[in-house]
Amino acid sequence: MKKIFLAMLAIAAAPVLLARTYSNLVPQPLKVTPAEGVFVMEKGLSISASDAIESEQAYLLRHLENVFAFDIDLRDVPVYNGISLKIVDGMAAEAYRLSVSSSQVVIEASDAAGIFYGVQTLLQMMPPAVYGQTDMELTRYELDAVVVEDAPRYGYRGTMLDVSRTFYDVDHVLRLIDWMAYHKLNRFHWHLADDNGWRIEIRKYPQLTEKGAWRGDDEVSPAAYGQGHDRYGGYYTQKEIREVVKYAAERHIEIIPEIDLPGHSRSLVGVFPEMACPVDVPYISANGETDNVLCVARMENYKILTNIFKEIAALFPSEYIHIGGDEVDHTSWNNCPHCQALIKKYGLDGPQELHSWFVYEVEDIIHKLGKKMAGWDEIVISDARYDSSSMVYAWRSVKSGRMSVDKGYRTVVQIGEYCYLDMKQSPAERGHSWAGIVPLSKTYSLEPDEILVGAPADSALIVGVQAGLWAELLAWPPRLMEYQLFPRLCALAEVGWSSKDARNFGDFEQRLYAEHFSRLYNMGIAFRVAPPEVTFDGQELQVRPPHPSAVVRYTMDGSAPVASSPVCRGAIVTDNPEAFRFATFFGDGLSSIAVGASNIDLYHYIEPEMTVESNFPLSENNLKALARRGGVGYSQRVLQEGDVLTYTMTAPVECSRITVTSGAPSSGMFYVTDAYVEYVTADGQTVNAGELYHGTLSFEPCGPVTQVRVVMTDSNDGYTAVLHGLSIEK
Ligand code: TNX
């Protein structure tokens, strides 16, 4: 007991006793040496910098202005009692030294990027309002004296955003670039074209954005991922792209554009169907798309790609262009006489080598434009030998990363089980789970050197790490992009920046809770807040907040807590534990998912006998499965208006609530987009229970129920719809 008490005291007391303005930096710097004294920031404060780093000087000024009531002078020569930004010789790329003494603050580096990162560290020593959301008018602020000597572990520290599946406008992208910069991330991988939207204006082919950027009933691509019958989409003009590139460069972020080929090309093939193989064999890609693969043997395609990449090369200063190369369905190639003839002509060993042949051709196009090629790790499955400058993004596994470095390629680590921020953060949350559940601790635990274990490859081939945010599940609910990115992106930033030895998850979490969450909040990010852990011990609900200072609120009626719900301040004695729900709150408006006690049944389900029928194709086994709670059935075609799924009870069922749900069990994809539910009562009444909302409807029947019908009112937007057995509560 005493030991536990002391340990608790240590956790609780440490930040109070030791907190300095430099205590909670993220990512953790290489070396922090405390010094004596404080630097007082007050009226008369100046920031000096030479012309070469004027932009960093202005950036620092803009942020400091968010907290100070007084004006700050800009100088080009250092003054006593000021902040000086200085370019000096002899430091590594991106490295900086930040010295705070009682007389001055000096940031030194050998390049502007280093100065910029020194500025970021200085901002983290300021009140979080420096990021601009909350009002602050300080007349005085004391910085604790310290020397921070810092340099990144990796030169490539990235974030990939898929803007094809969900479109993010320029404003969103610029905000993400700001958030990346605050975390010393320096590569933005812009996934600009995939099956579900072509997002970049190409002057030579205006059709690509006129048609390929939009989905909906009358568009070249039908809606996807639950967008129903809305027309949706968007694209960036070349003018906007230039603005974003410039904005990113000012924040030392390089943008690597990606056009995903030769699979994931539905938005291209939808506009130019002749770019696909001239065969009519159906296939469904890994993402549930059809007609999304380019023909390798159609030489005209390479001319079109050359024209497209020519414009892209001119827009992006990055030395790399990413050409995708992932998840190609081989069906059309296997059936295409031209592709088969090409295989024969060059003696290729099947579709995997045909894939490489395509990548060689595109690599050649990229080289002729003076750029280097990057691609997903499938491009190195075959024995192909691309140019040694080509860069591989390892995403499938640690093993595929090893394969890439073994073959001598520069490799970016974006391995799904750590880096895919579209994965769920806990089982009850939204997201994919094919690469597992990816909580914050999992992302933090990524050790890129792991891909070298058992293989004598050159560790310098690991150029860095990257977070990947795929967007097929991000259109709803609002701001899910931020929820998925943060705080996991903070963890990844630390993996990419901090030295291996400096990394400790407990310490990282402590810094997050003590200060970094407030920074994220002030950056305006709707980050994920972790729910409390709740258990029932037979008498009391035991509530463990995610961290000691977290605010947990609760309800007693099964509803999700809101900002005005009472605060939970300890254990709750109750004989009705099922009714309680808890959530963690942060600031104004951020809250976690609502949870109940994890060790009891929160709902009392009944499982009455029933039969299920449909007037659309569903297998016998699926129909049987749908007669049980938790059972799942996949429609064998796109649902249409007038399709009906009917659950018929063997005897009238008395219950308090019935919930109709749909969508793939793990991800929620392919839910029923347009339908209402009606039920029949024991006395023969038919009652309309309402429309499905994002594939779900819960209702309280007005009497014993004999039948429930799901009636489709329009066509669905996936090649299948995933239906579920009813959940019926006592
Ligand atoms: C795999 S990662 C994909 C994407 C999906 C993602 C979903 C990669 C190169 N391909 O097309 O969006 O999984 O997690």
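# Briefing: ligand site, aromatic pairs and backbone features

His264 is buried, with 2% of relative accessible area. This briefing covers a predicted model. Aromatic pairs number 38. Two cis peptide bonds are described below: Leu261 to Pro262 and Trp476 to Pro477.

**Ligand surroundings**

- Glu327 has a side-chain N or O atom 3.3 Å from a nitrogen atom of the ligand.
- Trp434 has a side-chain N or O atom 2.8 Å from an oxygen atom of the ligand.
- Glu472 places a polar side-chain atom 2.8 Å from an oxygen atom of the ligand.

**Aromatic rings**

- A pair of aromatic rings is described by two values, the distance of the centres and the angle of the planes.
- The structure holds 38 aromatic pairs. For Phe505 and Phe508, the ring centres are 6.2 Å apart and the planes meet at 35°, so this pair is tilted.
- Phe505 and Phe508 are three residues apart in helix α17 (residues 505–523), so about one helical turn separates them.
- Phe505 is partly exposed, at 25% relative accessible area. Phe508 is buried, at 0%.
- Tyr156, Trp376, Tyr393, Trp395, Tyr420, Trp434 and Trp470 form one aromatic cluster.

**Charges over rings**

- Lys442 has its charged end over the ring of Tyr418, 4.7 Å from the ring centre.
- Arg629 lies over the face of Tyr605, and the distance to the ring centre is 3.8 Å.

**Cis peptide bonds and positive phi**

- Most peptide bonds are trans, and most residues other than glycine have a negative phi. The cases below depart from one or the other pattern.
- Leu261 and Pro262 are joined by a cis peptide bond with omega of about -15°. Pro262 is in the loop between β13 (254–261) and α7 (266–271).
- His264 is in the loop between β13 and α7. Phi of His264 is positive, near 50°.
- Trp476 and Pro477 are joined by a cis peptide bond with omega near -5°. Pro477 is in the loop between β18 (462–469) and α15 (480–485).
- Glu94 has a positive phi, near 70°. The residue lies in the loop between β4 (83–87) and β5 (96–100).
- Is Glu94 buried or exposed? With a relative accessible area of 11%, Glu94 is buried, because the cut-off is under 20%.

**Two further loop residues**

- Gly212 is in the loop between α5 (207–210) and β11 (214–215). Gly212 is buried, at 4% relative accessibility.
- Gly212 and Gly233 are 21 residues apart in sequence, with 9.0 Å between their C-alpha atoms.
- Glu654 is in the loop between β28 (644–653) and β29 (657–660). Glu654 is exposed, at 66% relative accessible area.
- Glu654 and Thr681 are 27 residues apart along the chain, and their C-alpha atoms are separated by 9.8 Å.

Notes:
Residues numbered from 1 in each chain as written. Predicted model: local features only at pLDDT ≥ 70, side-chain atom pairs only at ≥ 80, totals over all residues. Heavy atoms only, no water. Polar contact = N/O pair within 3.5 Å; in protein donor to acceptor, adjacent residues only side chain to side chain. Phe/Tyr/Trp six-rings, centres within 6.5 Å; stacked < 30°, edge-to-face > 60°. Helix = DSSP H or I, 4+ residues; strand = E, 2+ residues; numbered from the N terminus. Buried < 20%, exposed > 50% of the residue type's maximum accessible area, 1.4 Å probe, protein only. Lys NZ or Arg CZ within 6 Å of the ring centre and 35° of its normal.
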